[in-house]
Amino acid sequence: MNKALTPRPQMPMGVLKTPFHERMDAENFQQSWMNWNGYASPGVLDTAEFEYFAIRNQATLFDISPMCKFRIKGPDAEAVMNRMMTRDIRKQKPGRVSYVIWCDEDGNVVDDGTLFRRSEDEFLLFCQEPQLLWIKDVAWGFDVEATEVTHDLAGFAFQGPTTAATLRDLKIRDVEEMRAFDIRDIKIAGKRVMISRTGFTGDLGYELVMAPKDALAVWDAVYAAGQRRGARIIGNEALEMARIEAGFLLPRVDFISSQTNLRVNRARTPYEIGLDWLVTFDKPHFNGKRALQRLAGVAPKRKLFAIEISRDKAAHHALVYHRKTREVGFVTSALWSATTKRNIAYAWLEAPFGQIEKDDLWVEIYLQREIEWQRRMERVQIVERPFFVHKRRTATPPLNF
Amino acid sequence: MSGDFDAIVIGAGHNGLVAAARLAKEGKRVVVLETSPVVGGLLGGSDPVAAMPFGIHPKIHSGLGLARHGLRYGAPMKTLSLGGEGRVEIDGAVARGVSQAMAANYADLHRKLARYSGALARMLTKAPPRFRDGVVGDMLTMAQLGLSIRGLGKADMRDMLRIILSNVWDLCEDEIGDGPLAAALAMDATLGGGIGPRSPGTVLTLLYRMASTGSGGAGQRSTPVGGAAAVVSALVKAAETSGAAIRTSAPVARILVDDNDRAIGVALENGEEIRAPLILSNATPRRTLLDLLGPQHLNAEDVARLRHMATNGMVARLDLDLAELPAGLTEADLAHRIVVAGDMRQVERAFNAAKYGELPAVPAVEFTGRKTENGWRLAALAQFAPSDLKGGWSKAKKDRLAKSVIKVLDGAIPGFGGKITGAEVRSPTDLEATYGLTGGHWHHGELRIDQMLMMRPFAGAAQYRMPVAGLYLCGAGAHPGGDISGLPGWNAAGQAIKDGGAQ
């Protein structure tokens, strides 16, 4: 056969399976799968409600392997991360995690993520969107190596009130001293695991990261130990409910990354998203600093608000009105929060609504009841984020539940 | 803010000197810091790289009183195009040595291009408009360009907009036909750039060059009495009589920035620090921002734009020594610019090779010359000689280029080869090493539609102001670009003064 015609090895077809796939598949009664960054990720395994209540009352395992992951290593790693992020990374000590955002030259948010400082000269960045080229552009001219490790690291979030007790059962002594946002290197089932006290749920929880070859051993050990305390595997739907309650925002849902928007004026600044608490000017130049300094002085043209809505119907995709007539915004994420017993949502409101004009705001909710549609105008109240955060999230040492 | 000076100009090229002179004339205390022992940049030294300058813009000439400082011009330089069968002489709109029909067509074409370039010329003496944020003044500048094009009349406007982004090959084929005359125009349209006659946008580069009005009028090179050195000396005098200090052999290592994101001075390579609240850099955009300022002061987007700026130098400089002139070349001829390229096809072929990192077998050449103690010295420019030559530049490659250039000249001027007593080649990489020219590109960056006007040096950094407050770009990398007009330096100094200068 002609050598030129010999088929070359191809990329795998379709969605990929994460290292935890067979365990999730075995318990995925719904066989509901979503495509997350090219990987099969469970939407819901049993029912979203069971899984949601497991987050709030028991312990849950959620596969975060598909998350984009990058390693930044080298003598200039701190300088590069400090140059990329709006926070002062010089203050982040080795062994700590921080929630970060980064901006483009116009001060628009590119993405958010969690930054793990592994040592003086090594960071891991976990985020939603592919960012390797962005990191490399920021790192140009600096002595640092940036690599994508998305496929080289497996991980799962272990979240819920009974997680600490489960880890105690596994004889993980670090649990006693780990404060929120601490990182430790531990062993589970004899395998090396990076554990951090972080999460997406506003409650006690951990994230465990390990080599893909060790993934099942660690998962099995944690899952087995958790059975006494109600551990279950959860999918995206339940997590989505918890993340809305916990006050976290999702790129592509609540805002658009400035690297992916097609229409002008769709990119959003930290001041509009309400993440300006992550921006500090008391540090050397960082990407977008000059634009952000200009933006800091003016009222944003629109802002993302946490809102509470009367009655119990979630205001998915609803429009927001002033005096029930003038359209002033729209809802991005909405939920009837079973834990807080509040009807909550995030909504974009054009200035001055929400900022100065806070009264007489309404959402228009459409309800379908056995084919027939009903329209409801419900009152909106501007509230603070998060909707839910439990004190056991940060209590150290964590209590047994 | 206190400082040793009101302004520091990095680099004593002609643009740096123009900027320094203008600032000093406005009463600023200025120091010019030059890396090399001589001033003048590409115009400096006894055999300057830019041997045939287009000429300092009349506005600068009068603004700095250069006549008072001894700068005078002879008659505009004619062009001789020798590569073909006969000898074609071009003097503005007049072409001799071609058929009557071609001469008439050429006269029409030249007049037309001169009108179009006149519409463009108004843009050269202004800071280019910004598109971002819709600033009213910038919109007006843009509107003025529109108006001046509209002012040409409907037929001309349509024609200009039809040809402006097309290529010089098609234009010449349509209007005058190929041959040595067209080849000379093609040289004008492409010299210095990584573009061949068939590359889109070469009509624009031709118009742009014609708009760089020196004393010679549209598109003709000027003939300063005393050569390029006279231009440099007049600019030095203009700067120094206004009080500017010029320091040679004072290479700048770094631009200093304070905690408030302001440029506050420079550090020399010997460690000396000089402070001033205003810094104008005549170095290339990339050298200024990536080497002297450093990426840590820039957004990643700007760093990427700088990295991706087209700056591939395509011209090699040859100095050829001749014991005596061959029969086909007279002393009077050497007062002109002599182009040796038989037709546009030859120029395009030379470009084809360079495009892929090769040396052309038959380069396109232009030269001028002067008498020396031992005979004659010709200053030749050969294109296309890519700075990114495959395998890099070496003595063997230079010898090959010299040989091919001599062969071309010998073909056009019988007996030429036998008179050569010495040849020295300076490749684009040599120019980069000597003058700090990024990529050896003598315009500091390709002059093409996506790197002109508000896109020069790159989108978002036009108007001479660099991202760090107090830092300005005043060299050919800024609008309106190269060709020894002095306008980037003039405009940058004007912008700095307008912005408040040393406050």
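## Domains 1 and 3 of chain B

Two salt bridges are counted between domain 1 of chain B and domain 3 of chain B in this predicted model. In one salt bridge, R377(B) pairs with D47(B), and their closest N and O atoms are 2.7 Å apart. On the side of domain 1 that touches domain 3, five residues are nonpolar, two are polar and one is charged.

The domain assignment gives domain 1 of chain B as 7-72 + 224-310 + 444-498, and domain 3 as 315-435. Eight residues from domain 1 and 13 residues from domain 3 make up the contact. About 810 Å² is buried between domain 1 and domain 3 of chain B, with 59% of this area from carbon and sulfur atoms. Within domain 1, the residues that lose the most area to domain 3 are D47(B), V49(B) and M52(B), which together account for 73% of what that side buries.

## Chain B and chain A

The contact between the chains involves 17 residues of chain B and 15 residues of chain A. Together the two chains bury about 1400 Å², and carbon and sulfur atoms carry 41% of that area.

Three salt bridges are found across the interface of chain B and chain A. One of them joins the side chains of D137(A) and R307(B), at 3.2 Å from N to O. Helix α11 (residues 300-308) of chain B supplies seven residues, the largest share of the side of chain B that touches chain A. That side of chain B has eight nonpolar, three polar and six charged residues.

Conventions: Residues numbered from 1 in each chain as written. Chains lettered and ligands numbered in written order. Predicted model: local features only at pLDDT ≥ 70, side-chain atom pairs only at ≥ 80, totals over all residues. Heavy atoms only, no water. Domains from an automatic or database assignment. Contact = heavy atoms within 4.5 Å. Buried area = accessible area lost by both parts, 1.4 Å probe. Salt bridge = Lys/Arg side-chain N within 4 Å of Asp/Glu carboxyl O. Nonpolar A, V, L, I, M, F, W, Y, C, P; charged D, E, K, R; others polar. Helix = DSSP H or I, 4+ residues; strand = E, 2+ residues; numbered from the N terminus.
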